[in-house]
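Subject: Handover of a structure and its findings

Dear colleague,

Please find the structure below, together with its sequence. My findings follow it.

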Amino acid sequence: MMAFVAIAMTINAQSAVDLVTYDGPQFSVQHPKDYKDVVDPWDDAVNVWKKDDNHKLSVWYGDDVTPVDMLKLYGETVKMSKEDSEDGTPAWKIDDPIVKDNIMMLRKVRDELVEYDYVVVIRDAEAFTGVMSFMLDEEATYLPVLEKILLTLKKK
């Protein structure tokens, strides 16, 4: 019975967020429908989507990122660099990096906010990096969405 409830909750969580596709000049990706484009005033590009200050998604394409076989070490390095507070705000509680195939995710929690830093390696010298944030009580809803989003990233 508990397994059925868990499956039902997962199905409901996955269907609770509508996704739309952003098809930009460098890449395409899905994002939650209620997250709006944020245009970078420096180059008129869209790399960030926001619902509000606690619900954000960023995607950055780069060609100088770690190869797949170094993702765990890369995640551990990022974890160490972000564990200390730099500006007087409380430090993040950071889990060990999770690596699956060509994707590394790093879960960070501060107060009631959750952020997932991620790297998606598409070739040894090319990757997408970014962050998705949401409230801790929404994690069951948004984590499957983030995993789906990462699988939809495509370089042009």
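Helices, here, are DSSP runs of H or I with at least four residues, numbered from the N terminus. Please note that this is a predicted model. By that definition, Met80 lies in helix H2, which covers residues 71-82. Its relative accessibility is 56%, so Met80 counts as exposed.

Three strands form an open sheet in the order S1-S2-S12, with antiparallel pairing. Its edge strands are S1 (19-23) and S12 (154-155), each of which pairs on one side only. Helix H3 (residues 139-152) packs on this sheet and touches S1, S2 and S12; the direction of H3 makes about 165° with that of S2.

S1 and S2 pair in the antiparallel sense over five bridges, and a hairpin of three residues joins S1 to S2. Within this pairing, Val20 has His31 in S2 as its bridge partner. S2 and S12 also pair in the antiparallel sense, over two bridges. Here Phe27 stands opposite Lys155, and Ser28 stands opposite Lys154. Six of the six residues of S2 are buried, so this strand is largely enclosed by the rest of the structure.

The aromatic pairs

The structure holds eight aromatic pairs. One of them joins Phe27 and Trp49: the ring centres are 6.5 Å apart and the planes stand at 80°, so the pair is edge-to-face. Because Phe27 lies in strand S2 (residues 27-32) and Trp49 in strand S4 (residues 46-52), this pair ties together parts that are 22 residues apart in sequence. Both Phe27 and Trp49 are buried. Ring pairs also link these two residues with Tyr22, Tyr61 and Phe128 into a cluster.

Trp92 has charged neighbours. The charged end of Lys108 sits over the ring of Trp92, 4.9 Å from its centre. The charged end of Arg110 sits over the ring of Trp92 as well, 4.1 Å from its centre.

The nonpolar cores

The largest nonpolar core has 25 residues. Those with the most contacts inside this core are Phe27, Val29, Trp49, Val59, Met132, Leu150 and Leu153. At least two residues each are supplied by S2, S4, S9 (103-110), S10 (113-123), S11 (126-135) and H3. The largest share, five residues, comes from H3. Apart from this core lies another, of 11 residues, including Trp92, Ile94, Met104 and Val119.

Two residues with their contacts

Leaving aside residues up to four places away in sequence, Val59 touches Phe27, Val29, Asn47, Trp49, Tyr118, Phe128, Thr129 and Leu153.

With kind regards

Definitions and conventions. Residues are numbered from 1 along each chain as its sequence is written. This is a predicted model: local features need pLDDT of at least 70, side-chain atom pairs count only at pLDDT 80 or more; totals for chains, interfaces and linings use all residues. Side-chain values use heavy atoms; hydrogens and water are left out. Rings of Phe, Tyr and Trp (its six-membered ring) pair if their centres lie within 6.5 Å; planes under 30 degrees apart count as stacked, over 60 as edge-to-face and the rest as tilted. Buried means under 20% relative accessible area, exposed over 50%, partly exposed in between (1.4 Å probe, protein chains only). A charge sits over a ring if NZ of Lys or CZ of Arg is within 6 Å of the ring centre and within 35 degrees of the ring normal. Two strands pair if DSSP finds at least two bridges between them. Contact means heavy atoms within 4.5 Å. Axes are lines fitted to C-alpha atoms, for helices over the stretch in contact, and angles run from 0 to 180 degrees between N-to-C directions. A nonpolar core is a set of buried Ala, Val, Leu, Ile, Met, Phe, Trp, Tyr and Cys residues joined through side-chain atoms within 4.5 Å.
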